[in-house]
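Subject: Structure handover

Hello,

Here is the structure I promised to pass on. Please open it first, then read my notes below.

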Amino acid sequence: MQRTEHPLLSPSLGSQKTLVSFHFGAAGARPKVYIQASLHAEELPGMLVAHHLRERLEAAEKTGRLRGEVILVPAANPIGLSQRLDHKAMGRFEFDTAQNFNRHYPDMAAAVLADAIPRMGTDAQANVATVRELVGEWLGDWLPATELDSLRRQLLRLSHDADLVLDLHCDWEAVMHLYSEEACWPPLEPLARLLGCQAVLLARESGGGPFDERLSGLWWQLAAGLQAAGVNAPLPQACASATVELRGECDVSHGHARQDAQAIFTFLEHVGAITASTPVALPPMACKATPLAGSQTLRSPVPGVLVFLVPPGATLAVGDVVAEVIDPTAVGRARVHEVRAEVAGVLYATVRERYIVSGGEVGKIAGATPFRSGDLLGA
């Protein structure tokens, strides 16, 4: 195991933050798996999972079971970790730009398309190697002007050539769920089984340039760009990435973390990054994958005290009452507003706060029928 520190661009005199990565196995070994936690810095379950996963990876490396390369970044956002306001962690948006730390990653497919066109041939794996080389060169030439972009660049330099990428997040209050691109679902379906996901949300592209989709989207977007340019060259989907939502923000316990770390470790055995001590047995899927475009974000048209009538993980029918919003200053029927499900599916996430303003988000239901378009992710 090798621990590496990556200094970020210093935004001010006398101040510099450092990203830390842990490297297991031989550099260049396949499959390469990249795992990071807490890109939204107040989402802490992933950090604890990384702590327990690191112990398992160190043991596997010492016993000669590590066949691939694994890079683990336990705290992927040192900028956000330093941000606090009124005694509260503020790690989702950067204070300086108000940008979401998990949006606005560069479009690497567009960046390397012109250089890739003359270098593509008939050998699919050679094409994959060429694209990884081109992206690595492009990232090496990128000179970020801000601390935030220097963080983005460093995370991409560590992960751009990975076969599998897991970005560990969590929601406010939630059950285990997973977001991914449609092109990535087949290789990631075993991970959803092992984690016991109660919702899986898929999209061709969710929009906004999140970290995971820039890595997996590189391949299908570049393949489409080559085809549009008249280049008939095979280019497989060489990276499968996912955002893994490890329940809710308060689900930080050794019990959950050990369970999730073991599930990820077993997945690494399944994909051949680690030699399995026993044959890997996959449990049945706990849910069906549904389109992200079919997910309903529940909102309240009125302000008041939010009271949930069902917990995250509940299966809902259209019309079911999910929560009540109580206005203690009103009279008559106006005192209670019912928030009802408009799609059938699993209530996979809810907000943590119990006072809501008009138009405020209440929760999310994984519906099976697409009805949304455009950017599908929240703020």
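Predicted model: local features only at pLDDT ≥ 70, side-chain atom pairs only at ≥ 80, totals over all residues.

The largest cavity holds about 50 Å³ of space. Its lining consists of E181, E205, G207, G208, G209, P210, E213, R214 and Q221. Helix α7 gives the most to that lining, with 3 residues.

Next, the open space. The largest pocket holds about 710 Å³. It is lined by 33 residues, and the closest to its centre are R92, R103, K364, G378 and A379. Several elements each supply at least two residues of the pocket lining. Among them are α7, β7 (164-171) and β9 (177-181).

Now the aromatic rings. The structure holds 3 aromatic pairs. One of them is Y34 with F211: the ring centres are 6.0 Å apart and the planes meet at 50°. That angle falls between the cut-offs of 30 degrees for stacked and 60 for edge-to-face, so the pair counts as tilted.

Where do Y34 and F211 sit in the chain? Y34 is in strand β3 (residues 32-37), while F211 is in helix α7 (residues 211-228).

Are Y34 and F211 buried or exposed? Y34 has 0% relative accessibility, so it counts as buried. F211 is buried too, with a relative accessible area of 0%. The cut-off for buried is under 20%.

Y34 and F211 also belong to one aromatic cluster with Y105. Over the face of Y105 lies R152, at 5.7 Å from the ring centre.

Last, the nonpolar cores. The largest has 44 residues. Which residues have the most contacts inside it? They are L57, L168, L188, L191 and I264. Helix α8 (residues 254-270) gives the most to this core, with 7 residues.

Take L168 as a place to look. Leaving out residues up to four places away in sequence, L168 touches I35, Q36, A37, S38, G46, V49, V244, L246 and I264. Another core, of 39 residues, lies apart from the largest one. Its members include V128, L215, L235 and A238.

Best wishes

Definitions and conventions. Residues numbered from 1 in each chain as written. Heavy atoms only, no water. Phe/Tyr/Trp six-rings, centres within 6.5 Å; stacked < 30°, edge-to-face > 60°. Helix = DSSP H or I, 4+ residues; strand = E, 2+ residues; numbered from the N terminus. Buried < 20%, exposed > 50% of the residue type's maximum accessible area, 1.4 Å probe, protein only. Lys NZ or Arg CZ within 6 Å of the ring centre and 35° of its normal. Core = buried A, V, L, I, M, F, W, Y, C linked by side-chain atoms within 4.5 Å. Contact = heavy atoms within 4.5 Å. 1 Å grid on protein atoms, 1.4 Å probe; cavity = no way out; pocket = protein on both sides within 12 Å on 5 of 7 lines; lining within 4 Å. Points joined across faces, edges and corners; volume = space filled by probe spheres on them.
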